[in-house]
Amino acid sequence: MRWTSMKWMRKTALAALLSALLILAGCAPREASRTLFAMDTAVTMTAYGDAAEAGLAAAGDVLTDLEARLSVTRADSEIARLNERGAETLSDTALAVLSRALSAAEATGGAFDPTVYPMVRAWGFFTKEYRVPDAGELDSLRAAGTFRDVRAEGGTVTLAPGMAVDLGGIAKGYAADAMADALGRAGVTSAILSLGGNVRALGEKPDGSAWRVGIRDPNKPDANAAVARIRDCSVVTSGSYQRFFTGEDGTVYHHILDPETGYPVQNELLSVTVFSSDGALADAYATALFVMGKDGALAFWREQSGFEVLLMTKNGEMIATEGLRDVLGDVSPDYTLVWAS
């Protein structure tokens, strides 16, 4: 009788344990992922919760719509038609992105300028038919106009002859924000989006912890120089290692051009990473701060608000602004971490 009772108790305990495990498994939030190619990069999206699939579908639709409107390589896009015709009536969406780009250009004193497109094209960075244009060609292209020469009246935008715009320097950040909004409207509160060098976190991880985002080491593309812990934040990196070619003379030319000269920026920086709740701002500022150089970038950060910045230099410094003290971790021993205030 005692043996039978003990056997029954063991079976009951085992059944209770299995039941508890099944309940716990059932409590795990639903996860959905989706990958697509847009804006010249692989885009990965992961969302959690019962609305995850619907949210990702909505976010994907937003991205597809923005690319169709903004791409400079699609002849039927609004921006491509603007560049071809010199004047175009833009949709509210395209006009909003262009307005954000022009505002960022003004704020950065032209360090970010969406009208450098003709010069970027001259270098072959869009077609991958790389070449080194001479100074006279670049001077002629720049003389056509800058962001200050873009005219907007109502919904109609006009460019001076020879001018063209490319919103690629802000579009992924803007798209990440719009996609996060679409996820939120669908009922998703936890998601992570990656658009090339742009990462957008919606909320926090399902277990309540921060998202961990690797900051790539410019000298070791397959390794991280640090890891950032973020919530509800965009992280955007711009670096000379991301797109480049080697000229016939052995010189390496990267894609981040100085709007004043049309030549690739030459300074002490290897990469700039901007952290902000505003993805469009982070995207534009990552490029602008790279153009400004170390001292200019830190001076700009001290004068402005709404973002934090991480600079990586050629001499092995990793310069982080004060707001990243509780964010940055796992710093590579190859870098000396310096805090800017």
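Here is a short chat about a few residues and the cores of this predicted model.

Author: Quick ground rules: residues count from 1 along each chain as its sequence is written. Since the model is predicted, local features need pLDDT of at least 70 and side-chain atom pairs count only at pLDDT 80 or more, while totals for chains, interfaces and linings use all residues, and side-chain values use heavy atoms, leaving out hydrogens and water.

Reader: Why is asparagine 83 called buried?

Author: Buried means under 20% relative accessible area, exposed over 50%, and partly exposed in between (1.4 Å probe, protein chains only). Asparagine 83 has 17% relative accessibility, so it counts as buried. Leaving aside neighbours within four places in sequence, it's in contact (heavy atoms within 4.5 Å) with Val72, Tyr117, Leu159, Met163, Ala164 and Val165.

Reader: And what makes glutamate 248 exposed?

Author: Its relative accessible area is 88%, so by the over 50% cut-off glutamate 248 is exposed. You'll find glutamate 248 in the loop between strand 11 (244-246) and strand 12 (252-254); strands are DSSP runs of E, at least two residues, and helices are runs of H or I, at least four, both numbered from the N terminus.

Reader: What makes something a nonpolar core?

Author: It's a set of buried Ala, Val, Leu, Ile, Met, Phe, Trp, Tyr and Cys residues joined through side-chain atoms within 4.5 Å. The largest one here has 75 residues, with Leu63, Met179, Leu183, Leu289 and Phe307 having the most contacts inside it. Helix 8 (residues 279-303) gives the most to this core, 14 residues. A second, separate core has 22 residues, including Tyr48 and Trp211.
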